[in-house]
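Me: Hi! Could we go through this model together? I'd like to start with the ligand.

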Amino acid sequence: MIENTLYLKALAGQSVPRPPVWMMRQAGRYLPSYLELQKKYDFFTRCETPELVAEITCLPIDEIGPDAAILFSDILVIPRALGWHIEMKPGVGPVLDNPITSKEQALAVTKADALEKLQYVMQGIRATNERLNGRVPLIGFSGAPWTLLCYMIEGRGSKDFAAAKAFCYEHPEAADHLLSVLADVIIDYLNAQIEAGVHAVQVFDSWAGLLGPDDFNLFCMPHLKRITEEVKGAPVVLFAKGAWYALERLAWRTSAAAISIDWTVSPEYARKATRREATLQGNYDPSRLLSPVPVIRNQVKRMIDRFGKDRYIVNLGHGILPNIPVDHARAFVDAVKSYETS
Ligand SMILES: Cc1c2[nH]c(c1CCC(=O)O)Cc1[nH]c(c(CCC(=O)O)c1C)Cc1[nH]c(c(CCC(=O)O)c1C)Cc1[nH]c(c(C)c1CCC(=O)O)C2
């Protein structure tokens, strides 16, 4: 039994006294307690050790108090399970040792034993639920096929992922093969997470907005749609960052329970684009958490007034930044908890 059901109620479209709140990347580098663990263990050791996963996932629950926990892991565990060696370089981000450069390499990718290699995540989920002890629901997640392809071809983070885009435009069949295999793995992976005990899953398509509407239809939409249809037993939330033009499609032509949005669209636009009936999540500008606390409080209140308290999950429009003072993160969450319609 889950004590705090606000997040799950919002996903189910049920009325709530106030909206739930959590923050993307809430278990991360703005927390001094996390930085202590970062010094002791390397990144993928943290991801692969169930006790550390449980401990890190619970840090923000104990210190900040959001209404849901997100499993500590990373989207790049999938390319790792497919055989890529990845290093998380401080100040640089993820670096893959031999990114895909040829059509032949992309066509040779199969799902192989990826799910077996990811079993440590399921162990992490079980350990986390024990530690959470039903206080809040646990969110599982995966990267989306397009965003994972970006890293597998580019080999590292990039402003425009120009090499990944060029590859897809030159070799559309090979790109489609890779995206389809990734979707297969993601479906198995999310279903296994649900079986292990997560209460909802979120699919991060962080680089969707690098594509225009037509290319989004080619490289993102069919796979996101299939994932929402084939992941069973828990609500699926889609976050296609930057793809404001696809809000209507994401809400109504997939089986997603909610759509997460970044801060470049207004609440009014997002509600209108999703015909006012979808559950939306977002969309506070992460940099805005640098504002003075009274400003954060006012902006959160106004944001809830504009979205409405129902069918709404308060969140940031992208991950929390490392330089956010913990007090400001707490003020964001507290502002939602003290929300009253007046
Ligand atoms: C694109 C992406 C990645 N990872 C993720 C995304 C999608 C969300 C987004 O767009 O922000 C998702 C992610 N990564 C991490 C989580 C854990 C749960 C959470 O608190 O949200 C989640 C949900 C831990 C992490 N993943 C990473 C860290 C920081 C490195 C460290 O702690 O040593 C954490 C806490 C490293 C990471 N992982 C990734 C990058 C680009 C980097 C380096 C830059 C950065 O730090 O943001 C890939």
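Me: So which residues are closest to the ligand?
Reply: Ala27, Gly28, Gly93, Phe204 and Ser206 are the closest, among 23 residues that surround the ligand. A residue is near a molecule if its C-beta atom, placed from the backbone, lies within 6 Å of it. Please keep in mind that this is a predicted model: local features need pLDDT of at least 70, side-chain atom pairs count only at pLDDT 80 or more, and totals for chains, interfaces and linings use all residues. Residues are numbered from 1 along each chain as its sequence is written.

Me: How does that shell divide into nonpolar, polar and charged?
Reply: Eleven are nonpolar, nine polar and three charged. Here Ala, Val, Leu, Ile, Met, Phe, Trp, Tyr, Cys and Pro count as nonpolar, Asp, Glu, Lys and Arg as charged, and the others, Gly among them, as polar.

Me: Where is Gly28 found, and is Gly28 buried or exposed?
Reply: Gly28 sits in the loop between α1 (6-11) and α2 (32-40); helices are DSSP runs of H or I with at least four residues, strands are E runs of at least two, and both are numbered from the N terminus. Gly28 is buried because 21 other C-beta atoms lie within 10 Å. The cut-offs are 20 or more for buried, 12 or fewer for exposed, and partly exposed in between, with C-beta atoms placed from the backbone.

Me: And what about Ser206, buried or exposed?
Reply: Ser206 is buried, with 23 other C-beta atoms within 10 Å. Its place is the loop between β5 (200-205) and α12 (213-219). Leaving aside neighbours within four places in sequence, Ser206 is in contact (C-beta atoms, placed from the backbone, within 7 Å) with Thr147 and Lys241.

Me: Switching topic: how many residues has the largest nonpolar core?
Reply: That core has 120 residues, and Ile78, Ile139 and Ile259 are among those with the most contacts inside it. Such a core is a set of buried Ala, Val, Leu, Ile, Met, Phe, Trp, Tyr and Cys residues joined through C-beta atoms within 7 Å.

Me: Which helix gives the most to this core?
Reply: Helix α11 (residues 172-196), with twelve residues.

Me: Last one: where is Pro94?
Reply: Pro94 lies in strand β3 (residues 93-96). Pro94 is partly exposed, with 19 other C-beta atoms within 10 Å. Not counting residues up to four places away in sequence, Pro94 touches residues including Leu76, Tyr151 and Arg156.

Key. Two residues are in contact if their C-beta atoms, placed from the backbone, lie within 7 Å.
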